[in-house]
Amino acid sequence: MATTETRGAIRIEDVVKIYDPDGAAVMAVDHCSLDIAAGEICMIVGPSGCGKTTLLNAIAGFHEITSGRITLDGEVLCSTDRPKSRPGSDRVVVFQNGALFPWKTNLDNVAFGPIMQGKLSKAEAREKALSMMADAGLNGVEHNYPGEVSSGVRRRIEIVRALMNDPKVLLLDEPYRALDSLTKSVMHEALLEIYYRNKVTIFFITHDLEEAIFLGHKVAIMTSRPCKPKKVLTVDIPHPRDYGVLTSKRFRELIEETNEAVHEEAVKAFQSGEKEG
Ligand SMILES: Nc1ncnc2c1ncn2[C@@H]1O[C@H](COP(=O)(O)OP(=O)(O)OP(=O)(O)O)[C@@H](O)[C@H]1O
Ligand SMILES: [Mg+2]
């Protein structure tokens, strides 16, 4: 466990989500239960189209669930009585394609949220943003624009920006999917650095099993659609971790232990015609 603070514990209880486009029911999540402790990094791995983003969107409050319950620190986010939670500053989402304002400097992008919400003055927000960017190794790019820095740096800026409001939960939907493997490896260590300073609960979706085991305290391997955990792996490699972990015996063993489950579900998804998203 990463922290003793009881903030950011997510409990997903028996959640079902059925979409109903034009009356054709699509079950995306099927009686899914998963507990994520406060301050835990929980990685979600599953085949394309299995329902991972659907689950993340339900936690974020972007859409309702059909049945079941999701709580955050014991407070109901959504349930059968109240199928949709309100998006709130306690949960923050970083999307695959990012969303920095290209006309604002990186610093102004990071400082933007708390200023817009009236939580901090412009000077306070800029001071906090500068300090968080420095902690995240982003010195020197503060006054550049997003278009002037690499995609890896932009990803880090997005994550720092997401943390400016001190959320309890960081929801990440394949944030590194488009990055090359070398940049990815740097990003993993950078994310852990940021995490060690800001012990938020992390719900992180990926297709990449190595990424999942390297970063996670826990890895939930989801079934093909409709999704629910097929196997939940506790990664018994202590944090703080660095890239040396990748060549360790235990890391390779954990990959071997889980690879088959991931592959099996990918084959099922392929056979049922789910396409790469
Ligand atoms: N708004 C919607 N209306 C109808 N069906 C939807 C909607 N959003 C998603 N779906 C369907 O629900 C299923 C799960 O989609 P979801 O995006 O959650 O999968 P995913 O696991 O995130 O996939 P990927 O790995 O490709 O991102 C898919 O069959 C998808 O087509
Ligand atoms: Mg998705």
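Predicted model: local features only at pLDDT ≥ 70, side-chain atom pairs only at ≥ 80, totals over all residues.
Reader: What does the chain have in the way of helices and strands?

Author: Seven helices and ten strands.

Reader: How does the radius of gyration sit against the globule rule?

Author: The radius of gyration is 19 Å, close to the 19 Å that the rule gives for 277 residues, so the chain is as compact as a globular protein of that length. Along the principal axes, its C-alpha atoms fill a box of roughly 50 × 45 × 35 Å.

Reader: Ok, domains. Where do they run?

Author: Domain 1 covers 1-90 + 171-277, and domain 2 covers 101-166.

Reader: And how many residues does each put into the contact?

Author: Domain 1 gives 15 residues and domain 2 gives eleven residues. On the domain 1 side, the residues that touch domain 2 are ten nonpolar, three polar and two charged. The centres of the two domains, taken over C-alpha atoms, are separated by 26 Å.

Reader: Switching to helices. At what angle do α2 and α4 pack?

Author: About 25°, with the axes 7 Å apart. Helix α2 is residues 106-116 and helix α4 is residues 151-163.

Reader: Parallel or antiparallel, then?

Author: Roughly parallel, because the angle is about 25° and angles under 35 degrees count as such.

Reader: Left-handed or right-handed crossing?

Author: α2 passes α4 in a right-handed crossing.

Reader: Which residues meet there?

Author: From α2, N106, N109, V110 and G113; from α4, I157, V160 and R161. By class, that contact has three nonpolar, three polar and one charged residues.

Notes: Residues numbered from 1 in each chain as written. Chains lettered and ligands numbered in written order. Axes fitted to C-alpha atoms, helices over the stretch in contact; angles between N-to-C directions. Helix = DSSP H or I, 4+ residues; strand = E, 2+ residues; numbered from the N terminus. Parallel < 35°, antiparallel > 145°, perpendicular 65-115°, else oblique. Left-handed = near helix turned anticlockwise from the far one by under 90°. Contact = placed C-beta atoms within 7 Å. Nonpolar A, V, L, I, M, F, W, Y, C, P; charged D, E, K, R; others polar. Domains from an automatic or database assignment. Rg over C-alpha atoms; globule rule 2.2 N^0.38 Å.
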